[in-house]
Amino acid sequence: MPTSRTRRSSLPVVAAALLLPLAACSSSSGSGASGDAQRLRVVMAFPPAQAMSPYGDDAVTLSRLSVIEGLTTLDRNGAAEPALAASWKQENPTTWTFTLRKTVFQDGAKVDAAAVVRSLTAAGKASPLPRVLSDTTLKATAVTGGRADAVRIVTGAADPLLPQRLANPSLAILSAGAYRNGKVNPAGHATGPFTLTDVKGAVAATLQRNADYWGDRAKAPGVDVTFAADGTARANALRTGAVDVAEYVPISQASLLGDSFVHEFPSARTNGLSLNTGHGVFADPAMRAAAREAIDSGALVDGVYEGRADTAKGLLGPGIPWAAEKRTAPTGRTPAASRAEVAKTKEIVLATYTNRPELPEVATLVQQQLQKRGFTVKQVVRDYAQMEADALAGKYDAFIQARNTLLDTADPVSYLSSDFTCDGSFNISQLCDRNVDAAVDKAASLRATDARHGAEMTAEAAVLGADALVPLVHERFVQGYDDARVEGVALDPMERTLVTADTRVG
């Protein structure tokens, strides 16, 4: 993958040219049965990587398009609100009862206790396990006494965050028709305001309004989605009118689009450099410390993000307002190796992905900063779908990723557990440290919000002390749409929503 601006500048032109006819074609395929509104055209950054399975990152895409739902949803502060469950109560520290609302799936089947049990059980047996379940186990059963509208959920240990956890897109509730031949297909079998009707591989998808939705009727008759990993191609599609909404506009394109198309807001996303603590050069904590000392976050903010990001302060950034006042200094750090010691090490592989357009440029600057410290660095840059398995298997020495620290449960404890504990399902740094595990376990056990937040910052200090991840910058999001034409786009710091029932072309 070329990394210079000059070499990359010609690629988006081709990508945009391919995108334009696809968007135009799909928008002409129908304007909705009622003809009362224009179909919405959206370009998204991440092509489906698991055939729209709800057990991986495709679940977030389905959630952002309002196709799937869980028992609960989250308000803007991360508190649980009713979705398919109309109400719930905690019976004891490990047992909860959820009462279901009366509604149907997109295929007409009833949403009942059996469907909920089936979906949650399937999620718990999925391989790999969804990240949201990396630190807990769930057992769902229908409430005894013949009630089809109530489900009892028992957790392996006390889980004060269960209502928030059940809002995670990977725990979406689907009808029996979704489960065939060992695979899960949400198309036509979910409950959201839009029904997924067609998926063209990693290229495009088509949504239609769900006429039987239990909530407010979608204002757009449908959505035509195209996928473009190249960020400049997404911006070009918006600029030329090929799409109405462009997800994750590159920083380099924001000023070119103009203020009416650019909508910037704080996020819970931290871009970090995960160091492979399991083997290779960075199995030595002194080498990890040397890498940390090499990084200049301010240079990344100014040189790559043009000031549209915040200098890294820790794992949790300004998108989490309480983090700064509770932050404590990292603990247990090993002194950094000298420049001469670093120079004796073998070549390291630094990897990142193209789906977020700033990351290849970040990788180039990080490579230069590490080389200045004495490291010999080889860079690998590809599409994320081609890299995730290798990253999780520890095949890279260092991996730059943009991580939403609130994505799993709207509380950082799930992020800390999945990314940094011995049994974590998204542990790219391969970290297994008993002090970190103990700190995360303590945070997870606390029900009182303030106490849990304090414990989470203690866990952050332990992770930073191990130098398992070097925070680079805290992102701000930029979504693209013409606010004179398009209404109702969700600007969600937790990244779970983008298109909603209210989104429409005016």
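**Strands first**

Reply: Start with strand S5, residues 95-100. Of its 6 residues, 5 are buried, so S5 is largely enclosed by the rest of the structure. Keep in mind that this is a predicted model.

Me: Which strand pairs with S5 over 6 bridges?

Reply: That is S4, residues 85-92, and the pairing is antiparallel. A hairpin through 2 residues joins S4 to S5. Lys 89 has Thr 97 in S5 as its bridge partner.

Me: And what does S5 do with S7?

Reply: S5 and S7 (residues 150-155) pair in the antiparallel sense, over 5 bridges. Thr 97 turns up again here: it stands opposite Arg 152 in S7.

Me: Next strand. How many residues of S18 are buried?

Reply: 7 of the 7. S18 covers residues 398-404, and that count is why it is called largely enclosed by the rest of the structure.

Me: Which way do the S18 residues point?

Reply: Ala 398, Ile 400, Ala 402 and Asn 404 point one way. Phe 399, Gln 401 and Arg 403 point the other way, and all are buried. In a regular strand, side chains alternate between the two faces of the sheet.

Me: Parallel or antiparallel: how does S18 pair with S14, and how with S16?

Reply: With S14, antiparallel over 7 bridges. Leu 275 stands opposite Ala 398 in S18. With S16 (residues 348-353), S18 pairs in the parallel sense over 2 bridges. There, Ala 351 has Phe 399 as its bridge partner in S18.

Me: Switching to the core. Which residues have the most contacts inside the largest nonpolar core?

Reply: Leu 273, Phe 282, Val 366, Phe 375 and Ile 400. That core has 56 residues. Take Phe 282: leaving out residues up to four places away in sequence, it touches Leu 275, Ile 348, Phe 375 and Ala 398, among others. A second, separate core has 55 residues, including Ala 140, Leu 171, Ala 178 and Phe 194.

Me: Now the rings. How many aromatic pairs does the structure hold?

Reply: It holds 9. One of them is Phe 265 with Phe 477: the ring centres are 5.4 Å apart and the planes sit at 70°, so the pair is edge-to-face. This pair links distant parts of the chain. Phe 265 is in S14 (residues 262-275) and Phe 477 is in S19 (residues 469-481), 212 residues apart. Both Phe 265 and Phe 477 are buried.

Me: What about Tyr 396 and Phe 399?

Reply: Their aromatic pair is stacked, at 5.9 Å centre to centre with 15° between the planes. Tyr 396 is at 9% relative accessibility, so it counts as buried. Phe 399 is buried too, with a relative accessible area of 1%. Tyr 396 and Phe 399 form one aromatic cluster with Tyr 353 and Tyr 384.

Me: Which arginines lie over a ring face?

Reply: Arg 101 lies over the face of Trp 214, 3.8 Å from the ring centre. Arg 356 lies over the face of Tyr 248, at 4.2 Å from the ring centre.

Me: On to helices. How far apart are the end C-alpha atoms of H16?

Reply: They are 26 Å apart. H16 has 18 residues (449-466), and at 1.5 Å a residue it should span 26 Å, which agrees. Of those 18 residues, 13 are buried, so H16 is largely enclosed by the rest of the structure. Just after H16, Asp 467 takes a positive phi of about 55°.

Me: Last one. Is Asn 77 buried or exposed?

Reply: Exposed, because its relative accessibility is 75%. Asn 77 lies in the loop between S2 and S3.

Conventions. Residues numbered from 1 in each chain as written. Predicted model: local features only at pLDDT ≥ 70, side-chain atom pairs only at ≥ 80, totals over all residues. Heavy atoms only, no water. Helix = DSSP H or I, 4+ residues; strand = E, 2+ residues; numbered from the N terminus. Expected span 1.5 Å × (residues − 1). Buried < 20%, exposed > 50% of the residue type's maximum accessible area, 1.4 Å probe, protein only. Phe/Tyr/Trp six-rings, centres within 6.5 Å; stacked < 30°, edge-to-face > 60°. Lys NZ or Arg CZ within 6 Å of the ring centre and 35° of its normal. Pairing = 2+ DSSP bridges. Core = buried A, V, L, I, M, F, W, Y, C linked by side-chain atoms within 4.5 Å. Contact = heavy atoms within 4.5 Å.
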